[in-house]
Amino acid sequence: MGMLSNPPYPAGTVISGKWRGNRYVVERMLGRGANGTVYLVQRQGRRERYALKIGNDTLELQSEINVLTSLQSSRKRREHRAHRESALSSYLLESDDFKEDDSVPFYVMRYVEGRPLHHFLAKNGASWLGLVGLKLLEKLRNLHECGFVFGDLKPENVLVSNYGEAELIDYGGASPLGRSVKQFTEWHDRGYWNAGSRTGDENYDLFAFAVLCLRLLNEEGLKAAAAQLPQTRSADELVKLARSLPDKKLSSWLCLALKGGFPGSAAATEAWKTHIYSTRKPGKETMATPGWLKSAFALSLFVLVFTIYYVFRF
Amino acid sequence: MKQILLITDGCSNVGESPVMAAAHARQEGITVNVVGVVDYGTIGELGSREIADIAKAGGGISRIVGTPQLAQTIQMMTRKTVVQTIQQAVNKEVKKILGEGSLEELPPLQRSQVVTVVDELTETTPLRIALLIDASASMKPKLGAVEDAIRDLALSLEAREGKSEIAVFHFPGRSSSEEAMLDLDWTHNVSQVRSLFSKLKMRGATPTGPAIFKVLEHYRYDTLDEQRERPTDDGYDEKEGMIGGYVV
């Protein structure tokens with residue numbers, strides 16, 4: 001963990017590539033991941049801003065770059081088949097080494113403006129979960145279709161823009177389907193809850209997604225369930241938590257995901273779309289008609305009656 | 001690939017030097033990692049130096065943690081050691097082919113290919129880990145956490161594609177002539193990691209060095225056994241040859 005003790009690069013530092021020669025100016029630090037530090041940078045002489053991840057462990061960082069590269073190429077292939085523009089999909093821009101005293105590897109990716117999922121929901125309200133959850137599930141489905149599992153899914157690794165676009169960040173834990181999961185976080189890990197293996201399959205990510213929802217909606221309950229003895233810890237505790245949620249459709253979706261009951265993420269996404277995303281909003285709005293609207297309606301009725309009376313009178 | 005993971009909370013005080021024992025292990029191709037578990041107070045300068053020295057002599061890594069971080073720590077150490085061992089072997093091959101250079105100096109394209117091979121081998125190389133648990137009196141309150149950590153490690157190993165097995169020893173054994181006792185022989189089955197230390201009688205001495213030698217013996221004995229069973233097996237210890245095959 002030597003890299004964590006390194007002081008961050010100050011604003012204005014120029015990170016230049018040893019192999020390709022591009023130069024990036026550091027604007028500020030965005031965060032630290034398991035394999036490195038992420039900075040907001042600007043390519044020298046241009047306007048676009050990017051996120052740049054730099055880390056000391058060449059092997060781990062290169063492994064992450066490899067995942068991103070093969071993800072990118074399989075996405076391109078699919079989009080080529082679908083005759084779509086692939087401008088949006090270029091997530092990874094380039095990778096290179098920064099030659100200081102030692103060579104430090106880095107890679108440059110698209111900059112996603114937004115805040116971590118838990119901060120977003122705290123600010124904008126839990127009613128956004130239906131939409132943001134759908135966007136996130138679509139991302140996971142995409143990843144699975146390309147043959148990868150995300151692994152370390154948690155609110156900190158999801159960025160949400162102001163308008164509810166969700167983006168996965170930190171692919172350090174991603175691994176090919178069927179391989180062991182490389183990085184995970186206790187609460188979100190299926191193995192931690194004695195609910196299955198650590199082999200990366202679609203249901204591994206869906207389980208982590210369900211815990212993520214529970215954490216967003218009832219963090220205290222989750223904390224209490226996690227405090228149990230390791231031998232007695234089980235997914236039943238999580239199912240109990242899910243059942244206690246007021247939204248019954250959401251709770252039955254979560255129960256199914258916790259038990260590994262979906263055939264895959266495509267089915268899980270469809271179920272979320274029809275039962276949670278689209279039923280939520282109209283239900284909410286018909287129930288809560290604001291008071292001022294009622295009185296305005298009464299007033300307009302009164303004016304109508306008065307007008308009719310007035311017209312017929314004369 | 002073979003590893004010994006020593007979990008202890010203090011200094012050895014009986015028998016041969018554990019540092020020498022670890023050096024022997026390394027000579028036989030077995031990496032030794034050491035975790036010092038401390039919940040209250042400190043492990044002392046002597047203890048922490050010994051822990052670092054054993055790991056250094058055994059070509060492994062050492063950490064000192066409290067019981068809450070134990071599971072995560074041994075997970076990380078095991079993985080890191082596997083990657084390191086493979087990386088060293090691959091680097092050797094790379095040097096053979098390119099004359100000079102390590103992973104860091106390779107141009108991006110070659111580096112990406114080499115790392116793909118390292119990742120592949122990390123997942124698929126057969127792996128054996130002997131856990132050696134200090135069961136002296138002061139460790140008693142920590143053994144529950146140790147068992148949970150072992151179960152968690154077994155779960156992670158089970159997810160690997162390559163054959164992965166663990167064995168568990170504790171030391172000292174039942175009598176003064178027994179340096180270490182086998183609690184669980186080579187297994188890949190997580191469900192067998194259960195109530196390992198329930199019948200333990202705690203004793204005062206900490207013969208870390210002799211215990212490591214005992215584990216080495218077990219490794220050796222077992223290898224002989226294997227060869228008897230499959231005399232013409234292509235041998236899954238010939239790591240070098242396998243890697244060469246991948247890289248070229």
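This is a predicted model: local features need pLDDT of at least 70, side-chain atom pairs count only at pLDDT 80 or more; totals for chains, interfaces and linings use all residues.
Residues are numbered from 1 along each chain as its sequence is written, and side-chain values use heavy atoms, without hydrogens and water.

Chain A is assigned domain 1 (13–110) and domain 2 (115–280), with bounds from an automatic or database domain assignment. Their contact (heavy atoms within 4.5 Å) takes 15 residues from domain 1 of chain A and 14 residues from domain 2 of chain A. Between these domains about 1200 Å² is buried, 52% of it from carbon and sulfur atoms; buried area is the accessible area (1.4 Å probe) that two parts lose on being put together, summed over both. Two salt bridges link domain 1 of chain A and domain 2 of chain A, a salt bridge being a side-chain nitrogen of Lys or Arg within 4 Å of a carboxyl oxygen of Asp or Glu. The side chains of A:Glu167 and A:Arg110 form a salt bridge at 2.8 Å, N to O.

The second interface joins two chains. Here 20 residues of chain A are in contact with 27 residues of chain B. Chain A and chain B bury about 2200 Å² between them, with 50% on carbon and sulfur atoms. In chain A, the most area is lost to chain B by A:Leu59, A:Arg179 and A:Arg198, together 28% of what that side buries. Four salt bridges are counted between chain A and chain B. A:Asp97 forms a salt bridge with B:Arg111, their closest N and O atoms being 2.4 Å apart.

Terms used:
Chains are lettered from A and ligands numbered from 1 in the order in which they are written.
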